Amino acid sequence: MIQTARLSLRPFAAADANEAFACMTPTLTRYMAFEPPASAAVFELIWRQWLWKIAEGSDFVFTIRRLADGQFMGLAGLHRTAEPEPELGIWIREDAHGQGYGGEAVAAVASWGAQRLPVAAFIYPVAEENHASRRIAQALGGTVFASESTPKYQAVIYRIPRPEPHQE
């Protein structure tokens, strides 16, 4: 488990699926590489793969909950953990945007990953127009080093430095 001042992050579990699925809307995913799953059954195929990857340690998806009341807040990811620069990802439920939860969660996952993996830095791809998510990368010292076109948007890719061990 990872804990911050306001959040608790735990590896995704089957018990989190219904809450996660309910929050995956077209407006939430407009700046994400994926579309909302068409059904809970389709989402189950996805999250079962997550469980397998979490168990093998190659990829982590964390469920983010608010400490105060346990409310589901979103998901954070640490992907391709065997690479020198694993990828960070985040989404926060729409009714909680603008409150700093995304930055808090990404910083916590980066710190957790840096303590457990021999990472040089982290990669953080983001839609060029997703200014809130870009601010997360910038607040963590990230700088743009590449860009790419995806089927949904033009993306910039940040490199976020490995956090110092004392950061948590």
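Is Asp16 buried or exposed? Asp16 counts as buried, at 9% relative accessibility. Buried means under 20% relative accessible area, exposed over 50%, and partly exposed in between (1.4 Å probe, protein chains only).

## About the model

This is a predicted model, in which local features need pLDDT of at least 70, side-chain atom pairs count only at pLDDT 80 or more, and totals for chains, interfaces and linings use all residues. Residues are numbered from 1 along each chain as its sequence is written, and side-chain values use heavy atoms, with hydrogens and water left out.

## Salt bridges

The structure holds ten salt bridges (a side-chain nitrogen of Lys or Arg within 4 Å of a carboxyl oxygen of Asp or Glu). One of them joins Arg65 to Asp16, with the closest N and O atoms 3.0 Å apart. Arg65 lies in strand β3 and Asp16 in the loop between β2 (7-11) and α1 (17-23), so this pair ties together parts 49 residues apart in sequence. Helices (H or I, at least four residues) and strands (E, at least two) are DSSP runs, numbered from the N terminus.

Arg65 also meets Glu19 in a salt bridge (2.5 Å, N to O). Glu19 is in helix α1 and Arg65 in strand β3, so the pair links parts 46 residues apart in sequence. Glu19 counts as partly exposed, at 34% relative accessibility.

Another salt bridge joins the side chains of Arg93 and Asp95 (2.6 Å, N to O). Arg93 counts as buried at 17% relative accessibility, whereas Asp95 counts as exposed at 56%. Salt bridges with shared partners join Asp16, Glu19 and Arg65 into one network.

## Aromatic pairs

A search of the whole structure finds nine aromatic pairs. Rings of Phe, Tyr and Trp (its six-membered ring) pair if their centres lie within 6.5 Å; planes under 30 degrees apart count as stacked, over 60 as edge-to-face and the rest as tilted. Phe60 and Trp112 have ring centres 5.0 Å apart and planes at 75 degrees, so the pair is edge-to-face. Phe60 sits in strand β3 (residues 60-66) and Trp112 in helix α3, 52 residues apart. Phe60 is buried, with a relative accessible area of 14%. Trp112 counts as buried too, at 13% relative accessibility.

Elsewhere, Phe12, Phe21, Phe43, Trp47 and Trp50 form one aromatic cluster.
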